[in-house]
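Work through the exercises below with the coordinates open. Try each task before reading its solution.

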Amino acid sequence: MLEIWTDYAWPLIWIIIKILLIVIPLLIAVAYLTYAERKVIGSIQLRMGPNVVGPFGLLQPFADGLKLLVKESIIPTGSNRVVFILAPMLTFTLGLIGWAVIPVADGWVLSDINVGILYLFAVSSLGVYGIIMAGWASNSIYPFLGALRSAAQMVSYEVSIGFVIVTVLLAVGSLNMTDIVLAQQKVWFFIPLFPMFVIFFISGLAETNRAPFDLPEAEAELVSGYNVEYSAMSFALFFLGEYANMILVSAMTVILFLGGWLPPFDFTFLYWIPGVIWFSLKVSLVLFVFLWVRATLPRYRYDQLMRLGWKVFLPFSLFWVVVTAGAIVAFEWYPK
Amino acid sequence: MIISSLAFYLFSFITIFSAVMVISARNPVHSVLFLILAFFNSAGLFVLLGAEFLAMILVVVYVGAVAVLFLFVVMMLDINFVELREGFLQYLPIGALVGIILMAELVLIFGSWVINPSSESIVTTSIVYNSDTTNTHALGQLIYTHYIYLFQAAGLLLLVAMIGAIVLTVRKRPTVKRQNISEQVAVRVDDVIEVKDVTSGSGI
Amino acid sequence: MNILTEINLIWPELCIALSAMCLLMIGAFRGDSSNKTITWVSICVMGVACLLVLLGPNNPSSAFNNLFIVDQFSNYSKILILMGAILTLILALPYNLREGIHQFEFPILLLFSVLGMMMMVSANDLIALYLGIELQSLSLYVLAAIRRDSIKSAEAGLKYFVLGALSSGILLYGMTMVYGFTGATGFNELELAFSNGVAKNQFIGVTVGLVFILCALAFKVSAVPFHMWTPDVYEGAPTPITAFFSIAPKIAAMILLSRVLLEPFGGLFIQWQQVICFISIASMAFGAFAAINQTNIKRLMAYSSIGHMGFVLVGLASGSIAGLQAVLLYLTVYLFMNVGTFACILAMKRDDRMVEEINQLAGLSRTNPKMTIALTVFMFSMAGIPPLAGFFGKYFVFKAAIDAELYTLTVIGLLASVVSAFYYLRIVKLMYFDEAVDKFDRSIGKEISFITIGMSFVTTLFIIILWPVLDFAAIAASSIFL
């Protein structure tokens with residue numbers, strides 16, 4: 001009996017506690033990301049943003065959540081029920097499970113697997129399913145068009161993201177997330193691999209369907225794209241999943257290029273500040289740029305989007321993979 | 001370990017179940033979705049085998065890219081599956097016969113499966129694998145040295161597939177206007193605008 | 001082994017692969033207008049590859065951990081394949097210009113398929129074999145469908161693709177069986193494993209695996225009962241491509257089949273001999289009888305090639321050096337006859353449209369005597385009438401079969417040969433004795449007439465070069481039996 005407790009039950013409970021320790025702060029972060037988005041865009045456009053619910057409008061995200069929770073969920077008659085309900089759940093779950101391998105500080109990671117970065121890449125490539133399933137199951141034209149656009153867009157940009165990751169891996173020599181961060185102790189990768197950093201960030205915008213690549217939900221053309229038919233909690237799940245994905249992509253950017261939990265300079269006193277603080281600060285910075293971009297740039301046209309992905313990013317990142325590999329071999333900069 | 005065998009049965013049961021559903025689902029889109037589920041669970045099986053790299057690549061390549069395109073095509077094509085199934089009963093006997101023959105062969109073969117003892121010694125490819133190297137490293141060491149020829153040949157094969165797809169689908173449409181960005185950027189003010197002095201009252 | 005010594009062995013393949021990729025870049029940036037240049041460059045590249053093959057090592061040597069082998073046998077077949085490809089590409093040039101096939105990818109895909117064939121004949125491992133086959137078939141599927149606006153061409157491509165994919169699946173299934181029961185995919189390892197026959201508990205598995213592999217390779221050489229795709233694909237594909245289909249892939253697949261059966265599965269001779277005998281008889285008989293009713297000359301050539309493959313398999317069934325020598329000789333002769341015949345078919349053009357019906361040839365001797373003579377030579381040669389080239393092919397094949405005491409096979413082969421002579425001679429009769437229809441166009445391009453003349457000379461005067469070719473074939477054949 002004791003054996004069952006020590007071998008099975010306790011590890012299970014411990015894992016659940018760890019998962020909750022990751023998921024709950026994440027969901028709070030998502031809630032405040034929506035708040036931050038409205039505030040940031042508000043100030044960029046010289047507006048107030050939400051300021052009514054709670055002090056400075058701080059309770060606004062919870063009010064929104066509550067509103068969506070108590071509304072009626074509508075399932076269109078012509079829709080494919082199972083897939084229709086499955087789609088938002090999938091999106092939301094995928095937004096969360098990526099965090100299993102993200103080290104927020106040294107050793108603070110749910111599962112430090114060998115192929116961490118591939119796992120993240122795999123999870124982010126699955127994101128398209130939620131959208132395409134939603135679009136198809138709604139049995140309606142606008143969502144379907146949105147879903148098709150989104151599928152093409154995400155598949156296209158994934159390719160260049162893959163090559164960007166390859167360049168980082170060439171410099172690290174490991175697929176493990178912790179190793180990737182530790183390899184940046186001397187210099188963060190965004191300096192030697194600057195072009196790749198830029199490509200990664202832009203592809204990240206496309207991968208998360210953010211402006212200026214938010215064609216799948218372009219209001220002017222598609223009334224809001226793949227999630228037109230969704231309401232109440234199912235809509236909220238999409239919303240949450242989308243923002244969780246944004247945070248995930250930012251975290252990837254931080255780990256791959258901005259030194260993860262490492263402080264910006266190699267001074268001892270900077271190490272007194274816990275790594276998780278540095279990590280959150282960096283993620284917030286990247287997220288701020290996400291919002292900044294949304295407030296500043298107009299939306300791409302679809303053919304321009306495809307052109308950028310296939311004819312600019314793909315050849316360039318391929319070329320850069322060769323350059324990086326060549327430099328590593330020529331100057332014998334082999335990792336480790 | 002109980003957990004890993006439980007996980008094995010879970011993954012393999014779902015894989016087989018979804019594989020059956022792929023061919024028996026009425027709706028082709030559901031078929032593709034079940035196919036994806038099958039891929040996903042096979043990836044789980046790979047993880048249980050300790051082949052984590054293969055597992056992730058399976059998800060990235062098959063689920064993340066190939067199956068998306070499948071889904072894309074199936075959704076767009078709007079296949080009439082009733083019509084597709086029309087000949088099903090007619091072909092069932094011959095299909096079943098082939099299936100039974102293959103099944104019988106497999107049973108016969110696996111009933112008597114013994115690896116030739118002499119061939120065990122002549123198998124040359126012993127993988128350099130120990131606990132220090134992750135299986136990503138081990139795979140890389142084998143593919144880029146021992147099997148470099150096959151690796152490159154497979155690369156050429158994919159290149160041909162790509163050329164083929166382009167040859168058979170790309171059409172030049174002379175009527176479509178295309179944006180030439182470098183041309184647009186290169187435009188100078190003088191090329192497109194002509195400033196004229198207009199004297200008032202007379203016009204140009 | 002040092003990487004440089006390994007590269008020394010694959011110069012011909014490397015040359016073709018690299019130039020194909022360079023040409024692809026040129027084509028991609030220069031557009032379809034560069035088609036003609038690319039075609040000529042491809043022809044030159046294949047010529048260079050031919051030279052490199054000749055300059056290559058004479059003694060059998062393998063590279064890349066025994067995945068790739070170069071010996072006289074592979075060299076001989078590589079030269080055949082390259083010659084076939086060069087000749088058909090020259091034939092294709094005026095046709096493509098005329099029929100508006102101006103994709104620059106055409107010669108490049110052809111180069112890639114030639115590369116695949118060279119990899120096939122040099123394969124020394126089941127995986128290498130599979131990759132070679134796939135590389136050549138994938139290119140050929142596309143080439144068959146390259147006239148995508150024509151329904152027939154698209155149908156040909158699709159049929160070829162679906163059935164080819166099926167046969168690849170069967171091949172892989174057979175290979176996994178063999179691998180599962182021996183634990184090896186390399187030809188050398190397999191040869192060792194089977195050198196003392198097969199253990200009883202392996203017998204079923206290995207035999208089933210071998211039969212599956214045989215089926216798939218029989219599909220590639222289009223031997224009965226895996227021939228169904230041939231007539232439709234031959235008819236639908238653009239004519240120069242059909243010419244190519246009937247020559248290079250057939251030669252490569254036949255060579256590959258011989259190597260697979262004689263090297264790794266040499267110990268299973270008793271098992272595969274009966275299968276080969278059956279396939280051979282069925283192909284000869286079917287090729288002879290089914291061709292009688294054909295009205296389309298490309299379909300007729302399809303059935304004729306099925307029959308020829310049956311004759312070649314007779315040589316293989318004998319399983320001896322002499323048999324293999326006869327196989328090589330037959331394939332050489334077959335190459336010349338087929339290129340010549342297809343050159344004539346490409347000249348069948350009336351009012352700027354290609355005609356493919358056999359009765360359009362009626363009375364050709366009055367309107368175009370030169371072409372009639374050439375076509376007569378080829379038809380007589382295909383029928384196996386001495387002293388033309390085709391006769392020697394058949395003669396040596398049957399001689400090897402008799403030496404191996406395969407009397408039934410020989411008798412059936414001779415009978416099939418007589419039946420098939422009927423439809424070859426029917427064409428000759430049509431040309432000389434029937435009422436003349438309108439003339440064919442004169443402007444067929446000097447490349448085509450040049451090749452027609454050249455091939456008819458080779459076919460007629462083959463007896464002069466018979467002995468050198470036989471010697472070369474003997475050396476090549478004996479390198480398998482080392």
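**Exercise 1.** Which residues does T367(C) touch, not counting residues up to four places away in sequence?

*Solution.* Start with the ground rules. This is a predicted model, where local features need pLDDT of at least 70, side-chain atom pairs count only at pLDDT 80 or more, and totals for chains, interfaces and linings use all residues. Residues are numbered from 1 along each chain as its sequence is written, chains are lettered from A and ligands numbered from 1 in the order written, and side-chain values use heavy atoms, with hydrogens and water left out.

Step 1: locate the residue. T367(C) sits in helix α15 (residues 364-367) of chain C; helices (H or I, at least four residues) and strands (E, at least two) are DSSP runs numbered from the N terminus.
Step 2: list its contacts (heavy atoms within 4.5 Å). T367(C) touches V437(C), K439(C) and R442(C).
Step 3: classify. T367(C) counts as buried because its relative accessibility is 14%. The classes are buried under 20% relative accessible area, exposed over 50%, and partly exposed in between (1.4 Å probe, protein chains only).

**Exercise 2.** Is L54(C) buried or exposed?

*Solution.* Step 1: L54(C) belongs to helix α3 (residues 35-55) of chain C.
Step 1: its relative accessible area is 52%, so L54(C) is exposed.

**Exercise 3.** Describe how the chains meet.

*Solution.* Two pairs of chains are in contact, and chains B and C share the most contacts. Chain A and chain C have no contact; their closest C-alpha atoms lie 14 Å apart.
Step 1: size the B and C contact. Chain C supplies 41 residues and chain B 35 residues. The buried area is about 3400 Å², with 73% from carbon and sulfur atoms. Buried area is the accessible area (1.4 Å probe) that two parts lose on being put together, summed over both.
Step 2: find the main contributors. On chain C, L131(C), R148(C) and F181(C) lose the most area to chain B, together 16% of what that side buries.
Step 3: A salt bridge needs a side-chain nitrogen of Lys or Arg within 4 Å of a carboxyl oxygen of Asp or Glu.

**Exercise 4.** How many salt bridges does a search of the whole structure find over all chains?

*Solution.* Step 1: the total is 16. Side chains of opposite charge can pair when their charged atoms come close.
Step 1: inspect chain A. R210(A) pairs with E37(A), closest N and O atoms 2.6 Å apart. This pair spans 173 residues, from the loop between α7 (194-207) and α8 (219-222) of chain A to helix α1 of chain A. R210(A) and E37(A) are buried.
Step 2: compare another pair. R301(A) and D303(A) bridge at 2.7 Å between closest N and O atoms. R301(A) is partly exposed at 43%, and D303(A) is partly exposed at 41%.
Step 3: move to chain C. D71(C) bridges R259(C) at 3.3 Å between closest N and O atoms. D71(C) lies in the loop between β2 (68-70) and α4 (72-99) of chain C and R259(C) in helix α11 (residues 239-262) of chain C, so the bridge ties parts 188 residues apart in sequence. D71(C) and R259(C) are both buried.
Step 4: look for a network. Salt bridges link K152(C), E155(C), K159(C), D232(C), E235(C) and R299(C).
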